[in-house]
Amino acid sequence: MSFAIAISPHGHSQKSTSSVMRWTLVALIPGIVAQYYIFGWGVLFQLLLTVGTALLSEAAILRLRGFAVMPSLRDSSAILTAALLAVAIPPLLPWWMPVVATAFAIIIAKQLYGGLGQNPFNPAMVGYVLLLVSFPVPMTTWLAPQTISAQHLSLQDTAAVIFHGTTPGGLNSYQLKTLVDGTTMATPLDHLKTESKRGYSIDVLIKSPDFSAISHDGWRLINLSFLAGGILLFILRLIPWQTPVAMLGTLAAASALGHYLAPAQFAMPEIELLSGASMLGAFFIVTDPVTSSTTTYGRLIFGALVGLLVFIIRHFGGYPDGVAFAVLLCNILVPLIDKYSQSRVYGH
């Protein structure tokens with residue numbers, strides 16, 4: 001038998017950065033299709049706005065820094081950041097908001113730190129949080145599912161709302177939340193959080209036939225679609241299993257304990273896992289190889305911390321979904337986690 005000797009590094013995945021980014025974009029397709037099915041043309045408009053802005057911003061800042069533009073654009077990292085931001089924001093957000101958020105994510109959160117591989121924070125989540133803390137009302141105004149909406153938006157209507165603020169008939173994005181029975185649409189987490197503050201019991205709200213029909217069914221489909229994309233990434237061995245499993249496991253355990261102790265205050269795990277950005281965050285955000293932990297035990301710690309913070313922010317914070325805040329807070333801790341989770345050096 002021959003023994004091949006080579007210089008370090010000794011682990012070769014045979015996968016380039018561009019191929020990893022492109023396969024991740026492919027894995028996003030089921031979630032994008034599900035969002036388009038639920039919310040309509042606005043999803044595609046936001047995707048076009050963010051991708052176009054990301055490419056222009058990346059090209060401009062690279063030119064200013066004196067770097068070659070095309071090699072960096074070909075790695076598809078800017079497109080992936082844009083796509084993640086697009087699927088996280090409401091589909092009828094005014095056009096200038098995704099443009100500002102994407103430019104901020106690329107220029108400030110990514111290139112200001114040195115470009116791909118140097119950024120300490122997830123750029124897509126930085127752009128998302130910028131919008132959320134600056135414009136909380138439009139960022140929490142989601143459309144009703146097309147099947148139960150009182151208004152069915154055409155391609156022209158959608159473009160008019162995004163670029164001019166109202167449809168040709170004069171309806172704004174808030175009015176378009178109206179359902180066929182005259183009530184207004186809310187995301188599952190927003191609905192539960194708002195109604196519980198008004199004194200309603202969560203276990204009673206969940207059992208209401210309107211909850212699944214109006215709020216939960218669409219978001220369950222979206223989260224299951226992102227889960228399917230995450231499974232594809234697992235099969236291709238593009239993401240480690242520790243981080244998403246730790247995040248979802250911790251979120252499920254915390255919600256199960258909370259629901260067991262106080263069912264009137266905490267939703268069951270199924271609601272927590274299949275609502276909001278749970279699956280998108282677990283498989284496409286916390287697995288970012290640049291901003292998450294790089295050690296085996298560190299990934300478990302990082303994912304568990306994100307899951308715990310998501311639960312805390314959702315139930316005790318001011319926002320219905322806490323994935324973005326949880327990820328950014330844990331990004332700060334990554335150097336500390338990596339330092340204390342490294343394997344012992346052989347011989348010591």
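Mentor: The lining of the largest cavity counts 28 residues. Ala-88, Tyr-128, Trp-142, Ala-277 and Asp-321 lie nearest the centre of this cavity. A cavity here is a set of points, on a 1 Å grid over the protein atoms alone, where a 1.4 Å probe fits but cannot get out; lining residues have an atom within 4 Å of a point. The model is predicted: local features need pLDDT of at least 70, side-chain atom pairs count only at pLDDT 80 or more, and totals for chains, interfaces and linings use all residues. Residues are numbered from 1 along each chain as its sequence is written, and side-chain values use heavy atoms, with hydrogens and water left out.

Now the elements. Two or more lining residues of the largest cavity come from each of α4 (77–88), α6 (123–134), α9 (188–197), α11 (209–235), α14 (278–285) and α16 (323–340). α11 gives the most, with 4 residues. Helices are DSSP runs (H or I, at least four residues), strands likewise (E, at least two), numbered from the N terminus. The protein chain has 16 helices and 0 strands.

Ala, Val, Leu, Ile, Met, Phe, Trp, Tyr, Cys and Pro count as nonpolar, Asp, Glu, Lys and Arg as charged, and the others, Gly among them, as polar.

Next, volume. The largest cavity has about 390 Å³. A volume is the space filled by probe spheres set on the points, with grid points joined across faces, edges and corners. The structure holds 2 cavities of 30 Å³ or more.

A pocket is an open set with protein on both sides within 12 Å along at least five of seven lines. The largest pocket holds about 890 Å³. Its lining has 33 residues, with Val-20, Leu-238, Thr-287, Asp-288 and Pro-289 nearest the centre. α1 (17–39), α4, α6 and α14 each give two or more residues to this pocket lining. The classes there are 15 nonpolar, 13 polar and 5 charged.

Last, the chain as a whole. Among contacts (heavy atoms within 4.5 Å) with a separation of 6 or more, 77% join residues 24 or more positions apart.
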